Structures are given as structure tokens and as C-alpha cells.
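Thanks for coming, everyone. Please have a look at the structure before I start talking.

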Amino acid sequence: MNSKTSSHPIENERGIVVDLGTGDGRFVYQSARQNPQKFFLGIDASANLLEKISEKIHRKPAKGGVKNALFIQAAVEALPEELDGVADEVHIHFPWGSLLRGVATGNETILKNIHRICAPDAVLEVIIGVDQDRDATELQRLGINDLSEEFIATALKIKYEECGFEILEIGSFAAGDWPDICTSWAQRLRTNENRTIVYFLAKRISR
Ligand SMILES: C[S@@+](CC[C@H](N)C(=O)[O-])C[C@H]1O[C@@H](n2cnc3c(N)ncnc32)[C@H](O)[C@@H]1O
């Protein structure tokens, strides 16, 4: 995720793409339509959000159906064993709650669960949108004290390595300068003039 114009570093590879905390599934749905050679799996703890999109993908193609996507209700804390080793890419976009706490603090249980569903050499992308003032109480509640690039490059990097991920790229985007990210929360949050993005890309390594 380098700029508004460059292609995504993990685009155009064959494989299985998992969107963890998929919400209404927009990223999965749009990506599946644009990349018929890949299979997209949207996972979210909330069944409510998944109902509408799950119905849509099973329609006939002319009515918006797609064959290369599936949605599963599951929390990152309890990912089904059937997913072990399947993911060539894992995306986590604008997480909240325990998913945010897991990836932003380097929680061992959460990271090992994500690691478990990754194929060898899988790539993990985490994108977090932060408004330091508006989110202060929630960040404190989740025990997230620092989301700076420096923190990610040092303390968080070590925790990820201990759980089998090497953080390869870290970056941020100022409010008003976000790249195109095809998710509903990206659309919703990008109008906030104080919300910045911090992101990182990691690669699964063996422990
Ligand atoms: C702000 S929404 C982002 C949705 C989507 N990724 C987007 O960008 O539009 C955060 C999502 O994370 C999901 N989530 C939170 N904690 C989770 C957990 N422990 N396991 C799985 N999903 C979780 C929520 O249900 C919610 O749909």
C-alpha cells in the first residue's frame, strides 16, 4: 500500500484471500469480482453483518452472484480448524474490539490463531484508522497505548516475530490523504479530518 496509484503489493497472485473482521463483506465481494482467479473468504464474529452479503453471492452471476467468495461467522479467537494453513493472504481492515486489541498489542493467542490459518509465505496486511482524540477512551480500554510507526517497528515487531510473522513494511497516511481502500469502513471514516491510517505488512515465517 504505497500510494494512491501503485498496485497493491499482494495483488494478482493466485490463492486464497481471507478478510478477517470483514464487516459487511464489501472488500471480499468487490475483490472477488475483480479477481476471478482467486478465492475470497470473509470472516466476522457478527452474523448480522454477513447475512445480506451471503445471500447476494449465491445469486445468479447476472444478479450479482459470485462463485469465488464465501462468508463464515467466526471470531478470531475461535477460527475453525478447517481453515488451518489455507490463507495465502490475510487482510484485517479497520478492526475494532478484541480483533483490534489482538493485532495492535501483539496478543499471542490472536496472532497464533491468525498464523494457524496461514499457508507458508502468506502475507498479512493490517490497516488501522486512528483518531487519537475520539478513540482515546476505547484505545485505553483495549490497552492500546501506542500505535506509532516506531512502536510497530520495535516492540510490536518483536511480538509478531515470536508468533511467526516478520513485519516487512510499515506506513501511514494522513487524514485527507488516504489511498483507495475498498471497504465500507474506509468510506465511512475517510471523511473524518483527524483520522489517520497506520498500516503494516507482515509475512508468515516458521517459528
Ligand atoms: C469497523 S468494522 C470493519 C469492517 C470491515 N473490515 C471494513 O473495513 O468495512 C470491524 C469489524 O471487526 C469485527 N470484529 C471485531 N472483533 C472481532 C473478532 N474478535 N473476531 C472477528 N471479527 C471481529 C466486527 O464484527 C466488525 O465487523
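**A walk through the model**

Let's begin at glutamate 81. It lies in the loop between strand S3, residues 69-73, and strand S4, residues 87-93. One reminder before we go on: this is a predicted model. Is glutamate 81 buried or exposed? Count the C-beta neighbours inside 10 Å, and you get 7. The cut-off for exposed is 12 or fewer. So glutamate 81 counts as exposed. Here is a distance to go with that. Take isoleucine 152, which is 71 residues away from glutamate 81 along the chain. The C-alpha atoms of glutamate 81 and isoleucine 152 are separated by 29 Å.

Let's step across some of the pairs. Start with strand S1, residues 15-20, and strand S2, residues 38-44. S1 and S2 run parallel, and six bridges join them. Aspartate 19 has glycine 42 as its bridge partner in S2. Valine 17 stands opposite phenylalanine 40, also in S2. How enclosed is S2? Five of its seven residues are buried, so S2 is largely enclosed by the rest of the structure.

On to S4. S1 and S4 run parallel too, joined by three bridges. Here aspartate 19 turns up again, opposite histidine 91 in S4. Histidine 91 also has a bridge partner in S5, and that is glutamate 125. S4 and S5 run parallel, with six bridges between them. How many residues of S4 are buried? Seven of its seven, so to speak of S4 is to speak of a mostly covered strand.

Next, the helices around the sheet. Helix H1 covers residues 26-34. Its buried residues are Phe27, Val28, Tyr29, Ser31 and Ala32. What do they pack against? The answer is S1, S2, H2, S3 and S4.

Now the core. In soluble globular proteins, nonpolar side chains tend to be buried together. In this model, the largest nonpolar core has 46 residues. Which of them touch the most other members? Val18, Val90, Ile114, Leu124 and Val126 do. Strand S5, residues 118-130, gives the most to this core, with eight residues. Let's stay with leucine 124 for a moment. Leave out residues up to four places away in sequence. Leucine 124 then touches Val90, Ile114, Phe165 and Ala202.

One is phenylalanine 94, in the loop between S4 and H3. Phenylalanine 94 is not a glycine, although its phi is positive, about 50°. It is buried, because 22 other C-beta atoms lie within 10 Å, and the cut-off for buried is 20 or more. The other is aspartate 121, in strand S5. Aspartate 121 has a positive phi of about 70°, and it is not a glycine either. Is aspartate 121 buried or exposed? It has 10 other C-beta atoms within 10 Å, so it is exposed.

Last stop, the ligand. How many residues surround it? There are 21, and the closest are Gly21, Gly23, Leu99, Thr183 and Trp185. Two elements give two or more residues to this shell: helix H3, residues 97-105, and helix H7, residues 184-189. What about the classes of residue in the shell? Ten are nonpolar, nine are polar and two are charged.

Then find the 21 residues around the ligand. That's my tour. Thank you.

How values were computed: Residues numbered from 1 in each chain as written. Predicted model: local features only at pLDDT ≥ 70, side-chain atom pairs only at ≥ 80, totals over all residues. Near = placed C-beta within 6 Å. Helix = DSSP H or I, 4+ residues; strand = E, 2+ residues; numbered from the N terminus. Nonpolar A, V, L, I, M, F, W, Y, C, P; charged D, E, K, R; others polar. Core = buried A, V, L, I, M, F, W, Y, C linked by C-beta atoms within 7 Å. Contact = placed C-beta atoms within 7 Å. Pairing = 2+ DSSP bridges.
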